[in-house]
Amino acid sequence: MSDAELVFETIHGRVQPLEWLVLAPHPDDAEIGAGGTLIRLARAGRAVGILELSRGERGTQGSPQVRVAECARAAGIMGLAWRGQLGLPDGELRDTLEGAHALAAALRAVRPRVLVVPHHRDRHPDHFGSYHLSKRAVHLAQLAKADLPGDPHRVSRVLLYQGNADITPNVLIDVADVQDVWAASVLAHESQFSGAAISETVTPEIVERRRARMTYWGTMARVRYAEAFEAEDALLVDPLTL
């Protein structure tokens with residue numbers, strides 16, 4: 001795929017095949033919901049990345065320029081191989097053909113094996129809208145006759161991550177050993193997590209609040225802290241690993 005065909009902006013690293021890719025409706029969503037897992041994978045030598053779907057330009061705090069700089073800083077802390085920005089309109093993320101084509105082209109460019117997307121059970125319209133947009137894009141990306149740049153790509157596994165609502169996960173990942181790095185990656189988004197609290201998410205208490213969830217899921221998994229995901233398709237498990 002030539003530079004002229006790229007429909008996204010690279011803000012960290014380089015375009016390359018990725019093991020895991022997390023879709024974030026806004027800057028910082030990926031760190032909050034799946035950052036510990038990405039850090040663990042990066043430390044293990046896996047190429048992982050984040051794709052922001054919007055610039056968060058309608059957020060109360062920060063600006064698109066400030067927030068992209070924060071994303072780049074957080075990517076370095078996490079050890080991401082790549083981070084990109086799709087540039088869809090903040091506050092209007094939903095399943096549209098134009099948005100799905102842009103996202104499908106991005107999936108063909110970075111070719112993730114595992115795609116992690118926001119859970120559809122979420123109070124924020126951009127979060128459940130991103131889920132439905134991703135479903136269409138995953139389908140389009142694999143179609144040989146789709147009018148898209150790049151070679152067809154089939155995502156092997158889709159996982160859903162927790163945003164602002166409770167979920168019933170069937171995948172828990174131990175993130176106890178990366179807590180300090182995870183917290184630093186979240187707090188790299190200084191425009192969102194300093195000053196007055198705007199919401200239960202945009203607050204200086206973000207690490208404390210999210211770590212409480214990690215503690216809960218960790219208790220379920222008998223570890224100190226865990227991140228929670230939901231796989232929509234059944235997972236094939238080797239009984240020797242249980």
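Reader: The expected span of a helix is 1.5 Å times one less than its number of residues. How far does helix H6 reach from its first C-alpha to its last?

Author: Helix H6, residues 206-221, has 16 residues and reaches 23 Å, close to the 22 Å expected at 1.5 Å a residue. Helices (H or I, at least four residues) and strands (E, at least two) are DSSP runs, numbered from the N terminus. The model is predicted, with local features needing pLDDT of at least 70 and side-chain atom pairs counting only at pLDDT 80 or more, while totals for chains, interfaces and linings use all residues. Residues are numbered from 1 along each chain as its sequence is written, and side-chain values use heavy atoms, leaving out hydrogens and water.

Reader: Which residues of H6 are buried?

Author: Buried means under 20% relative accessible area, exposed over 50%, and partly exposed in between (1.4 Å probe, protein chains only). In H6 the buried residues are Ile206, Val207, Arg210, Met214, Trp217 and Gly218. They cover an arc of only 110 degrees around the axis, so they sit on the same side of H6. The arc is taken over the directions from the helix axis to the C-beta atoms.

Reader: And which residues are exposed on the other side of H6?

Author: Glu208 and Thr219 are exposed there. Just after H6, Arg222 takes a positive phi of about 65 degrees.

Reader: What covers the buried residues of H6?

Author: The cover includes H1, strand E7 (171-174), helix H5 (179-187) and strand E8 (226-231). Contact here means heavy atoms within 4.5 Å.

Reader: You mentioned H5. What do its buried residues pack against?

Author: The buried residues of H5 pack against H1, H2, H6 and E8. These residues of H5 are Gln179, Trp182, Ala183, Ser185 and Val186. Their arc around the axis is only 160 degrees, which puts them on the same side of H5.

Reader: Now the core. Which residues touch the most other members of the largest nonpolar core?

Author: A nonpolar core is a set of buried Ala, Val, Leu, Ile, Met, Phe, Trp, Tyr and Cys residues joined through side-chain atoms within 4.5 Å. The largest has 33 residues, and Trp20, Val22, Leu38, Ile50, Val116, Leu159 and Phe229 touch the most other members. Helix H1 (residues 29-43) gives the most to this core, with seven residues. Apart from it lies another core of 32 residues, including Ala104, Tyr131, Ala146 and Leu148.

Reader: Why would such residues gather at all?

Author: In soluble globular proteins, nonpolar side chains tend to be buried together.

Reader: What is Leu159 in contact with?

Author: Leaving aside neighbours within four places in sequence, Leu159 is in contact with Trp20, Val114, Leu115, Val116, Val117, Val171, Phe229, Glu230 and Ala231.

Reader: Changing topic: how many salt bridges does the structure hold?

Author: It holds ten. A salt bridge is a side-chain nitrogen of Lys or Arg within 4 Å of a carboxyl oxygen of Asp or Glu. Arg83 and Glu52 form one, with the closest N and O atoms 2.7 Å apart. This pair links distant parts of the chain, with Arg83 in strand E4 (residues 82-88) and Glu52 in strand E3 (residues 48-54), 31 residues apart.

Reader: Are Arg83 and Glu52 buried or exposed?

Author: Both Arg83 and Glu52 are buried.

Reader: Which residue forms a salt bridge with Lys135?

Author: That is Glu232, the closest N and O atoms being 3.1 Å apart. Glu232 lies in the segment after E8 and Lys135 in helix H4, so the pair ties together parts that are 97 residues apart in sequence. Glu232 is partly exposed at 34% relative accessible area, and Lys135 is also partly exposed, at 41%. Elsewhere, Glu19, Arg46 and Arg113 are linked in a network of salt bridges.

Reader: Last topic: how many aromatic pairs are found in the whole structure?

Author: There are two. Rings of Phe, Tyr and Trp (its six-membered ring) pair if their centres lie within 6.5 Å; planes under 30 degrees apart count as stacked, over 60 as edge-to-face and the rest as tilted. Phe8 and Trp82 are edge-to-face, at 5.4 Å centre to centre with 80 degrees between the planes. Phe8 is in the segment before strand E1 (9-13) and Trp82 in strand E4, 74 residues apart. Trp82 counts as buried because its relative accessibility is 0%. Tyr216 and Trp217 are also edge-to-face, with 4.8 Å centre to centre and 70 degrees between the planes.

Reader: Is Tyr216 buried, partly exposed or exposed?

Author: Tyr216 is partly exposed, because its relative accessible area is 46%. Trp217 is buried, with a value of 9%.
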